[in-house]
Amino acid sequence: MPPEAVLSLGCSECPRLVATSLPGRDYWALEELMDTVVARDPAAKVKATGYRGVFEVLSGQDPQGLAVQFLMYNHAFIARVLPVLACAIPVKLKEALSGLGLSGLRARLEFKAREPLKGTLTEDLVRSALASAGVILVGRREGGVIIDVESLGKCVIISFGEPRSCGPRCTVLVPSRSL
């Protein structure tokens, strides 16, 4: 899969990045996101989602390259930045994870289900899909690599990498040297 490609199974539009703001700092986080993303891709669009403090970036650039851009600046209002490497409807989650070629990856899971998938998309379902894809889940103390699976609208987004600081309380997932 070329680096610009984001695996999309059943989702109409797959963002390249998803970012969250610190509580009550939505406006300023949006400004920081736009400043950082536009420095790399002037044609990118940063949009607020229907969830408070959650933003998506639509771009033609490589998601991991965009994520690394966040290491160049100190962000005071952004909490997390996730490069989206795949997105899928819940029934295609196993297929999406298998398509990423993660077999043998040792990682810890971060999971978040939002409405309307809350209750439908469960952590047990995600753990089962990861096991089918050959991902070995480890505890917090063991894993430097994080695999983040969360819902955004009716789609499930998948991201993985090593957490790096992009500000006082900002974390970005960047490509892992061990992948």
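Biologist: What is a disulfide, and how many are counted here?

Modeller: A disulfide is a covalent bond between the sulfur atoms of two cysteines. In this predicted model the count is three. The rule asks for sulfur atoms within 2.5 Å.

Biologist: Which residue forms a disulfide with Cys11?

Modeller: Cys155 does, with the two sulfur atoms 2.0 Å apart. The pair links distant parts of the chain, 144 residues apart. Cys11 sits in the loop between strand 1 and strand 2, and Cys155 in strand 10. The link is left-handed, with -135 degrees about the S-S bond.

Biologist: Are Cys11 and Cys155 buried or exposed?

Modeller: Buried means under 20% relative accessible area. Cys11 has 9%, so Cys11 counts as buried. Cys155 has 14%, so Cys155 is buried too.

Biologist: Which residue does a disulfide join to Cys14?

Modeller: Cys87, with S to S 2.1 Å. Cys14 lies in the loop between strand 1 and strand 2, and Cys87 in strand 6, so the pair ties together parts 73 residues apart in sequence. Cys14 is buried at 15% relative accessibility. Cys87 is buried at 1%.

Biologist: What about Cys166?

Modeller: A disulfide joins Cys166 to Cys170, S to S 1.9 Å. The torsion about their S-S bond is about -70 degrees, so this disulfide is left-handed. Both cysteines, Cys166 and Cys170, are buried.

Biologist: What pattern do the disulfides follow?

Modeller: Count the bonded cysteines along the chain. The pattern is 1-4, 2-3, 5-6.

Notes: Residues numbered from 1 in each chain as written. Predicted model: local features only at pLDDT ≥ 70, side-chain atom pairs only at ≥ 80, totals over all residues. Heavy atoms only, no water. Helix = DSSP H or I, 4+ residues; strand = E, 2+ residues; numbered from the N terminus. Buried < 20%, exposed > 50% of the residue type's maximum accessible area, 1.4 Å probe, protein only.
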